Amino acid sequence: MLSARHSVSASVALVLALAATPALAGCSGENPIGGIVEQATGGNVSLGGTEIPTGFPSEVPLADGEVQFAIAAGEGDSRGYNITIMTGSQSPLEAIEAEFADAGFESQVQASGADGVGSVIFSSDAWNVAVIVASTEDGYTANYTVAPVSATN
């Protein structure tokens, strides 16, 4: 069981989960969830980019690939992130686990499925990270939800 120190903040996780649904935006060019997320965060949110958000922690390793969606929510010690990366035709799950171990993160919870898909929760003294690897028609994606430990205390 995760301690309170290493649990992901429900409000940050909810905001990031809602924002991780860019498909809901359709073709209109505007994310309809934006208003809800902005109200929940007091306007401290950056939605829908395809670049790693400014301030993303350098100590959190990311898989190589093309950023499909990126968000930052909150500010200061409460700033959280959600990033989805298209990683290619091979599952990145084992490499991701190795990169986090090399970066000093502990693996808290792991659920692996068939064909290289799965999820892992990592923690360090500063960050909680949930990574979900999924298989799509175009290859594999890795989705990262990153929350500072200070936001969960």
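Author: Of the 153 residues in the protein chain, 41% are buried, where buried means under 20% relative accessible area, exposed over 50% and partly exposed in between, with a 1.4 Å probe and protein chains only. The model is predicted, so local features need pLDDT of at least 70 and side-chain atom pairs count only at pLDDT 80 or more, while totals for chains, interfaces and linings use all residues. Residues are numbered from 1 along each chain as its sequence is written, and side-chain values use heavy atoms, with hydrogens and water left out.

The protein chain contains three helices and seven strands, arranged along the sequence as α-α-β-β-β-α-β-β-β-β. These are DSSP runs numbered from the N terminus: helices are H or I with at least four residues, and strands are E with at least two.

Glu 97 counts as partly exposed because its relative accessibility is 23%. Leaving aside residues up to four places away in sequence, Glu 97 touches Gln 110, Val 120 and Phe 122; a contact here means heavy atoms within 4.5 Å. With Gln 110, the side chain of Glu 97 also forms a polar contact of 2.7 Å. Such a contact is a pair of N or O atoms within 3.5 Å; within protein, one must be able to donate a hydrogen and the other to accept it, and residues adjacent in sequence count only if both atoms are side-chain atoms. Pro 61 is 36 residues from Glu 97 along the chain, and their C-alpha atoms are 9.9 Å apart.
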